[in-house]
Amino acid sequence: MADSVAAGLGDENETENEDKEKEKRHFSGVKKMEKQTAASDVTETLGFYERKAKCKDRKSNVSDLSLVRFISAELTRGYFLEHNEAKYTERRERVYTCLRIPKELEKLMIFGYFLCLDVFLYVFTLLPLRVLLALVRLLTLPCCGLRASICPYCKLSSGSRILQPAQVCDVLKGFIMVLCYFMMHYVDYSMMYHLIRGQSVIKLYIIYNMLEVADRLFSSFGQDILDALYWTATEPKERKRAHIGVIPHFFMAVLYVFLHAILIMVQATTLNVAFNSHNKSLLTIMMSNNFVEIKGSVFKKFEKNNLFQMSNSDIKERFTNYTLLLIVCLRNMEQFSWNPDHLWVLFPDVCMVIASEIAVDVVKHAFITKFNDITADVYSEYRASLAFDLVSSRQKNAYTDYSDSVSRRMGFIPLPLALLLIRVVTSSVKIQGSLSIVCVLLFYLGMITLKVLNSIVLLGKSCMYVKEANMEEKLFQNPPSAAPSRVSSRAHRTKHTREPPGDPAEEGMSASVTTQPTQQDKCPAPQIPTSESDQFLTTPDESEEKSLIQDDSELKHRAPKKDLLEIDRFTICGNRID
């Protein structure tokens with residue numbers, strides 16, 4: 001009985017084991033099928049042949065990867081630029097900016113050219129009249145030399161000035177021009193011309209480049225000499241004397257104007273030799289020198305302030321070149337007895353020089369703005385800054401003459417160039433008889449008329465540009481005084497003071513630009529403009545101000561970004577970036 005029960009249990013166990021093995025085989029077969037289907041799906045998506053396909057199918061799939069299919073794929077392959085819309089929009093704006101540069105740049109150049117023309121005409125027209133009025137006032141007040149408490153004629157006290165500071169500066173300019181004019185008579189232009197013409201072409205090319213560099217250096221140091229003379233002559237007598245005297249400064253100024261005039265005369269003579277050369281090789285080399293300027297400036301880093309300096313330098317250079325071309329034409333017309341036919345011979349060369357100058361400026365500024373991500377609207381800001389100088393020179397609190405302001409801003413000093421033009425005109429044109437004198441008087445009246453009309457138009461345009469730039473509030477702020485040292489100037493940069501409510505900020509612009517400047521009794525404290533109109537100009541950030549304060553003990557300061565109105569031509573030397 002027991003054996004039968006044990007045998008039955010053994011049979012049941014064997015049947016259970018067989019069932020488990022069948023289930024395992026079934027599950028393994030299902031997994032294999034899933035793997036095969038998955039592999040077939042992968043191969044179908046990738047386009048490869050199946051593992052269990054026949055040899056014919058393999059050959060047909062391999063034939064699909066042919067050269068024809070590759071070429072057709074390359075010809076029909078597409079892409080979507082809209083997936084990177086911001087990048088291509090920026091590229092398109094750069095192209096539009098380059099196309100706008102010639103128009104905006106020429107607007108600035110034309111405005112700056114007429115500013116230089118206004119200053120240049122001032123030397124010939126209004127400056128002699130102002131000097132004459134100052135001398136008349138000085139000669140008609142003999143009683144002021146007496147030691148009386150109050151003069152009965154002019155009602156001036158004994159300690160007051162006979163001439164205003166502006167009149168003193170005008171008299172000094174007149175004396176400098178007269179002395180240098182007589183000194184220029186000892187310079188023989190014809191001998192200089194033949195001496196330069198006897199040199200080789202390469203030597204003349206090197207000389208012309210050296211003269212350009214020397215002209216920039218003379219302009220930089222010469223303006224400081226003239227400013228030192230004006231301040232020494234008009235400095236209040238109550239202060240302690242800290243200078244060598246007016247007479248040494250005066251002779252330094254005379255020497256500078258004379259040497260600078262000779263330098264410009266050599267430039268004009270070299271250009272005249274280039275015009276009169278037979279094969280025009282020297283003129284071509286001198287014109288190619290302008291294109292070398294592109295290489296020296298385009299691939300450098302430029303900020304907005306540096307570009308402003310370059311724009312001012314280009315304005316001054318263009319005006320000087322036009323004046324040199326005028327001198328060359330006068331000398332050539334004199335040699336050919338004022339024959340008008342010879343003028344048409346010079347006309348193509350003159351147009352070629354002017355066209356090359358304009359083309360070089362346009363290309364240079366277009367690529368500088370492209371490489372430095374500067375918009376074309378920056379030239380309207382530069383134009384507004386130049387217009388601000390003209391409008392501010394008409395204010396009651398004006399601290400300098402407009403001609404001196406242009407000289408500092410652009411590096412254009414009109415005295416040497418005007419002296420050379422007077423010397424060339426007087427030697428080329430012979431005045432004989434009463435009819436010639438009448439013609440000279442009519443020409444002088446015409447120049448005065450041109451000066452007045454040019455000043456009126458420039459003043460109206462400047463007021464419009466200042467209003468467009470929202471810079472009216474700055475016109476009624478006191479001019480900042482210069483700090484005695486760098487350390488003190490850095491300390492003053494961190495202090496921002498508001499304008500006192502008593503300033504005449506409510507006066508209209510039309511009334512302020514027509515009134516005469518009045519002398520202030522007390523020197524105003526230096527103030528930094530904090531109006532909303534400063535937002536479009538470059539101002540130092542808060543982080544830079546904190547770093548300046550922290551590094552003051554170590555004397556390692558980073559040069560802060562300056563306002564465009566506080567930068568003159570020689571604040572940044574050339575195109576150098578500190």
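This is a predicted model: local features need pLDDT of at least 70, side-chain atom pairs count only at pLDDT 80 or more; totals for chains, interfaces and linings use all residues.
Residues are numbered from 1 along each chain as its sequence is written, and side-chain values use heavy atoms, with hydrogens and water left out.

Let me begin with the core. The largest nonpolar core has 105 residues, and Ile176 and Phe275 touch the most other members; such a core is a set of buried Ala, Val, Leu, Ile, Met, Phe, Trp, Tyr and Cys residues joined through side-chain atoms within 4.5 Å. Helix 9 (residues 246-276) gives the most to this core, with 16 residues, where helices (H or I, at least four residues) are DSSP runs numbered from the N terminus. Leaving aside neighbours within four places in sequence, Phe275 is in contact (heavy atoms within 4.5 Å) with residues including Leu325, Val328, Leu346 and Val350.

Now to the cavities. On a 1 Å grid over the protein atoms alone, a cavity is a set of points where a 1.4 Å probe fits but cannot get out, and lining residues have an atom within 4 Å of a point; grid points are joined across faces, edges and corners, and a volume is the space filled by probe spheres set on the points. By this rule there are three cavities of 30 Å³ or more.

The largest cavity holds about 390 Å³, and of its 25 lining residues Tyr208, Glu212, Gln267, Glu317 and Asn321 lie nearest its centre. Helix 11 supplies the largest share of that lining, seven residues. By class the lining has 10 nonpolar, eight polar and seven charged residues, where Ala, Val, Leu, Ile, Met, Phe, Trp, Tyr, Cys and Pro count as nonpolar, Asp, Glu, Lys and Arg as charged, and the others, Gly among them, as polar.

The second largest cavity has a volume of about 100 Å³, and its lining of 13 residues has Lys173, Ser403, Asp404, Pro414 and Leu415 nearest the centre.

Not counting residues up to four places away in sequence, Lys316 touches Asp215, Ser219, Met410, Gly411 and Phe412.

Terms used
Buried means under 20% relative accessible area, exposed over 50%, partly exposed in between (1.4 Å probe, protein chains only). Helices (H or I, at least four residues) and strands (E, at least two) are DSSP runs, numbered from the N terminus. On a 1 Å grid over the protein atoms alone, a cavity is a set of points where a 1.4 Å probe fits but cannot get out, and a pocket is an open set with protein on both sides within 12 Å along at least five of seven lines; lining residues have an atom within 4 Å of a point.
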